[in-house]
Structures are given as C-alpha cells and as structure tokens.
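Please read it with the sequence and coordinates at hand.

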Amino acid sequence: MKILVPVKRVIDPNVKARVKPDGTGVDLANVKMAVNPFDEIAVEAAVRAREAGAAREVIAVSCGPAQAQETLRTALALGADRAILVQSDDELQPLAIAKLLKVIFDRELPGLVICGKQAIDDDSNQTGQMLAALADLPQATFASKIEFGPDEAIVSREVDGGSETIAVKLPAVVTTDLRLNEPRYVTLPNIMKAKKKPLETVTPADLGVDVKPRLQTLKVAEPPVRSAGIKVPDAKTLIEKLKTEAKVL
C-alpha cells in the first residue's frame with residue numbers, strides 16, 4: 001500500500017517567534033524554517049512501515065509557498081519516496097488544507113494517511129480529523145504505537161484516562177503523538193539522494209479547490225511577561241506569603 005504523509009513548513013522550534021509590530025501576525029522575515037516536529041514523526045512512522053514491508057511507497061505532500069519545497073526535500077531525505085507540493089501564497093487554514101489533501105487522497109488512493117497531530121505554529125489539531133471526515137475514513141488520533149494487520153491498523157493512543165488500543169479498517173487516517181517514535185537524523189548521502197527524487201508541483205486551482213479563508217485573525221499578541229519570583233528563607237515565610245500575597249491558602 002501507499003502511505004500519504006502531509007508535512008508543514010513552520011518556524012524552527014528552536015527559534016523565538018516574533019509578533020509583527022502591527023499585531024497582524026507572526027514575523028517570518030529572515031526566520032529559520034523547518035519541518036513541523038509532529039510531521040517528522042509521521043514521516044518516520046511511514047518509512048518504518050515501508051521498511052517492515054507493510055507499505056511499498058511513502059508520499060510526502062505539503063501545502064504552502066514555493067519555499068515549502070525545502071520542507072519536502074527534508075521529508076525525502078528522511079526516507080519518503082516522492083513528494084507533491086500544492087503551491088499557494090494564500091493563507092491556508094486547516095479546512096482548506098484538508099480539502100486539498102482530500103483531492104490528493106482521491107488521486108493517489110493510499111492505504112493510510114499519517115499526519116502529525118498538530119502544527120506547532122497554530123496548534124489547531126484539526127487537519128487530520130477534517131480530512132477523515134471529508135474522505136469518510138476511520139481515524140485514530142494521538143497514536144503512540146502503530147501495528148498492521150491484513151486489512152487494518154492497530155493503534156495504541158493516549159486518552160485522558162490513560163491509554164487505549166483500537167483497530168481501524170484501512171484506508172484510514174492516523175495522527176501521531178510525541179511518543180510514537182524518535183525521527184532519524186538526515187544524513188548527507190540521503191540529502192543528495194533526495195535531490196534526485198521526484199517532486200511534483202500543483203496549485204489549488206489545478207485541484208479545483210477553493211482555499212479562501214473562513215476565519216479572520218483579529219490580532220496576534222505575545223504572551224504577557226511573567227514577573228520575577230522571590231526567594232524565602234524558610235517554610236514559615238512561604239506559608240505566610242501564600243496566605244497574604246498569593247491568597248491561595
């Protein structure tokens with residue numbers, strides 16, 4: 001079977017994001033970008049499935065500007081076989097991305113879609129679930145372990161009360177949690193190989209998808225600066241502070 005893995009271009013998690021002076025969004029000028037960490041986990045899961053013989057091809061797909069080709073080349077270097085870029089300079093919200101992925105799904109007919117559970121820039125945690133709804137597919141979210149049967153995926157997932165294991169018929173959508181795996185490092189030979197792997201570019205218009213935003217961002221602001229803490233000499237003083245200043249006792 002094929003495995004489809006959406007990957008997103010986001011600000012490098014080691015870089016501090018800056019808000020634009022006018023509050024209209026995050027300043028991306030001269031900022032280092034990277035593959036969304038949860039999507040790296042998804043790529044690793046798909047590559048391991050292919051290496052284990054459960055899949056024959058891993059396809060990475062990204063929706064965004066032309067610079068997202070770099071993100072896809074990283075996914076190819078991590079082990080994906082080919083890539084598809086849905087190129088658009090418009091703001092792509094989760095619903096629009098899910099619609100684009102639905103068309104790609106219908107075209108490629110993969111046996112499994114593995115998504116990162118969320119992107120670290122907007123933390124929406126919506127695209128995988130929306131894709132499952134649009135494509136009428138079973139879904140298993142927050143996967144911490146994936147195993148394959150003849151025509152199903154057995155997924156262990158974390159829930160509020162602990163963990164559960166479910167079986168979903170294939171094709172299906174699975175979203176990954178942090179504990180699923182640790183992505184491999186990209187080696188120089190694989191980076192060179194990735195340059196020769198096929199990367200197809202299409203547009204939303206080619207796919208017949210309207211990506212007009214449905215939500216409007218009114219303002220983006222940095223979180224308030226936390227005040228400095230204080231040190232107390234003993235437990236008695238701490239209790240008094242908690243009573244008089246923090247008012248938690």
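The lining of the second largest pocket divides into five nonpolar, three polar and five charged residues, where Ala, Val, Leu, Ile, Met, Phe, Trp, Tyr, Cys and Pro count as nonpolar, Asp, Glu, Lys and Arg as charged, and the others, Gly among them, as polar. A pocket here is an open set of points on a 1 Å grid over the protein atoms alone, with protein on both sides within 12 Å along at least five of seven lines, whereas a cavity is a set of points where a 1.4 Å probe fits but cannot get out; lining residues have an atom within 4 Å of a point. The model is predicted, with local features needing pLDDT of at least 70 and side-chain atom pairs counting only at pLDDT 80 or more, while totals for chains, interfaces and linings use all residues. Residues are numbered from 1 along each chain as its sequence is written, and side-chain values use heavy atoms, with hydrogens and water left out.

Of the 13 residues lining the second largest pocket, Asp12, Met33, Ala34, Val35 and Glu40 lie nearest its centre. Strand S5 (33-35), H1 and helix H2 (68-78) each contribute at least two lining residues to this pocket, the helices (H or I, at least four residues) and strands (E, at least two) being DSSP runs numbered from the N terminus.

Helix H1 (residues 37-51) has 15 residues and spans 21 Å from its first C-alpha to its last, close to the expected 21 Å, which is 1.5 Å times one less than its number of residues. Just after H1, Gly53 adopts a positive phi of about 90°.

The volumes below are the space filled by probe spheres set on grid points, which are joined across faces, edges and corners.

| Space | Volume | Lining by class |
|---|---|---|
| Largest pocket | about 1200 Å³ | 17 nonpolar, 10 polar, nine charged |
| Second largest pocket | about 260 Å³ | five nonpolar, three polar, five charged |
| Largest cavity | about 310 Å³ | 10 nonpolar, nine polar, four charged |
| Second largest cavity | about 40 Å³ | four nonpolar, one polar, four charged |

The largest pocket is lined by 36 residues, with Lys8, Val26, Leu28, Glu91 and Asp121 nearest its centre.

The count of cavities of 30 Å³ or more comes to two. For the largest cavity, Lys8, Asp39, Ile97, Ala119 and Thr127 are the closest to the centre among 23 lining residues. The lining of the second largest cavity includes Gln93, Lys99, Asp210 and Arg214.
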